[in-house]
Amino acid sequence: MKKRIISVLLAAVTASVMLVGCGNDGTGKTDSSSIGNTADTGEAGQNVDSADNKAPNDHTITMMCWYDESSMDSVIDEINRQLDGEYVVEYTYIGVSDYNNVLSTQLASGEGPDIIADGANFPARIKAGNVEDITDTGLTDGFSKDGLALCSIDGKVYGVPCYGWFAGVFYNTELFEQAGITQVPETFDEFLEVCEKLSDNGIAPLSLGLADGDNGLHAFAGFMESNFYGATQEGAGFDYDFAMGDASMDGTMNPYMENWIKMVENGYITPDMVGISGEQAKEVFMTGKAAIYFTGPWEYNNFKEAGLSFGVMPFPGVGKESNYLIGGPAASWGINVNSDQKEGAMKVMEALASVEVQQAFINENAGGSTYREGVNTGLPEEYQNITDAMEAGRIACCWDRWSVNMPSQSLIDEINSQVQGLVAGDLDVSSFLQTLDSKADSIRYE
């Protein structure tokens, strides 16, 4: 069987929970949680049989990721073509909001997929001893240093990336025209003016799903990248100091968050979004009921198939030259140290590192970048407004920088949770930032 789709139900884990034993929306994306520490990750139960029940001589190699099956079909087909029947990949999709809990629970029990996928928290998997060292295998030949950043520690390499992801501001060109907007905003103040003009014309400016997924994270990180991290001298080195415990968000980022929260105060981000899922918010945008949605290339084909007329812009900040997309290496893939199919897993890794499979990832993620020599990329016409940012390398995200000294997914989860309180009016800016500081204090490696 090439793939299985698993419905994940979150529940308290007990000794009787049967773990899924087969192989991160951005979000997040994405990513995973603490290293060998199940305090934040031990709440996932599943309603399916464990794939670890396969026969000892079964040549099925299991993979698991948050990429939905439609975006992985051609990738798995190419891997299986290269395996030529010697092994067969079984792929399992887990939704991004549940992925971290599922994988962390499996790994904490010495189980999990043969091939581990993770994002910004891949360094945490390495530190926990979950992933095989592939330094001297030649698998990473042809990959850039930037692409291997999340799967390399202390000069050793433990995985390969699939492609470079980004998230930006997708907007409905027809709704912009209806509101008389003829130019995309290049500053945050201009962005607020665009939202006001849309609202004045009876058009909902933004569609966000804050109940799950990464919409809240993208809204926070994207605007902070363009207004603070990439736009100020103070922001340039802040995240390293923050990760090491030498700087705090509260007392530093307050004025930038006070500016951010104008989107809430002006009614563009609304309290009802706290109860809306990412899928619901996407549907609102796809059906032309809101003008702006924060997402990335993984939705490009969906928007095209829906007949949506859209464009993409960076997150507006201080000015055009400091406007960023958020992004970096997407999922990295490595071999589970507990796999009983090491030979087959290595052959799957060889396929994942090949130009053909890397090309398949790019083909499924229009506008994504590659870290592999020999892979062809190209920007669709809808991406013309982000060409400058991409060519200038203005693609970054704070949680990749945090991962030097913390399992950043734990802080990502905290942001997604606390943004709800910020939007609902239960938290002010200082309380929001203090909560993130407290979480960071509790999860740093040293």
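A residue counts as buried when its relative accessible area is under 20%. Serine 332, at 0%, is therefore buried. Keep that cut-off in mind as you explore this predicted model.

- Let's start with helix α2, which runs over residues 96–108 and has 13 residues. From its first C-alpha to its last, α2 reaches 19 Å, close to the 18 Å expected at 1.5 Å a residue.
- Ten of those 13 residues are buried, so α2 is largely enclosed by the rest of the structure.
- If you want to find them on screen, the buried residues of α2 are Asp98, Tyr99, Asn100, Asn101, Val102, Leu103, Ser104, Thr105, Gln106 and Leu107.
- Helix α14, residues 355–364, is mostly covered too, with seven of its ten residues buried.
- In α14, the buried residues are Val357, Gln358, Gln359, Ala360, Phe361, Ile362 and Glu364.
- What covers them? The elements over the buried residues of α14 include α1, β9 (160–161), α12 (300–305), β15 and α13.

**A helix with its buried residues on one side**

- Helix α13 spans residues 342–352, and its buried residues include Gly344, Ala345, Val348, Met349, Ala351 and Leu352.
- Those residues lie on the same side of α13, because they cover an arc of only 155 degrees around the axis.

- Helix α6 (residues 215–229) packs against helix α17 (residues 408–424) at an angle of about 95 degrees, and their axes are 8 Å apart.
- The two helices, α6 and α17, are therefore roughly perpendicular to each other.
- Where do they meet? On the α6 side you will find Gly216, Leu217 and Phe220, and on the α17 side Ile412, Ile415, Asn416 and Val419.
- The residues of this contact between α6 and α17 divide into five nonpolar, two polar and no charged.

**Buried residues and their partners from elsewhere in the chain**

- Serine 332 belongs to strand β15, residues 332–335.
- Not counting residues up to four places away in sequence, serine 332 touches Ile116, Ala117, Asp118, Phe122, Cys151, Val160 and Pro161.
- Leucine 150 is 182 residues from serine 332 along the chain, yet their C-alpha atoms are separated by 7.6 Å.
- Valine 75 sits in helix α1, and with a relative accessible area of 0% valine 75 is buried.
- Beyond its neighbours within four places in sequence, valine 75 is in contact with Val357, Ala360 and Phe361.
- The C-alpha atom of valine 89 is 5.7 Å from that of threonine 60, a residue 29 places away along the chain.

**A buried lysine**

- Is lysine 282 buried or exposed? With a relative accessible area of 10%, lysine 282 is buried.
- You can find lysine 282 in helix α11, residues 278–286.
- Leaving out its neighbours within four places in sequence, lysine 282 is in contact with Tyr293, Glu299, Asn302 and Phe303.

**Backbone spots with a positive phi**

- Just after α2, glycine 110 takes a positive phi of about 75 degrees.
- Aspartate 84 is not a glycine, yet its phi is positive, near 55 degrees. Aspartate 84 lies in the loop between α1 (69–83) and β5 (88–93).
- With a relative accessible area of 67%, aspartate 84 is exposed.
- Aspartate 154, again not a glycine, has a positive phi of about 55 degrees. The loop that holds aspartate 154 runs between β7 (152–153) and β8 (156–157).
- Aspartate 154 is exposed as well, at a relative accessible area of 77%.

Conventions: Residues numbered from 1 in each chain as written. Predicted model: local features only at pLDDT ≥ 70, side-chain atom pairs only at ≥ 80, totals over all residues. Heavy atoms only, no water. Buried < 20%, exposed > 50% of the residue type's maximum accessible area, 1.4 Å probe, protein only. Helix = DSSP H or I, 4+ residues; strand = E, 2+ residues; numbered from the N terminus. Arc of directions from axis to C-beta. Contact = heavy atoms within 4.5 Å. Axes fitted to C-alpha atoms, helices over the stretch in contact; angles between N-to-C directions. Parallel < 35°, antiparallel > 145°, perpendicular 65-115°, else oblique. Nonpolar A, V, L, I, M, F, W, Y, C, P; charged D, E, K, R; others polar. Expected span 1.5 Å × (residues − 1).
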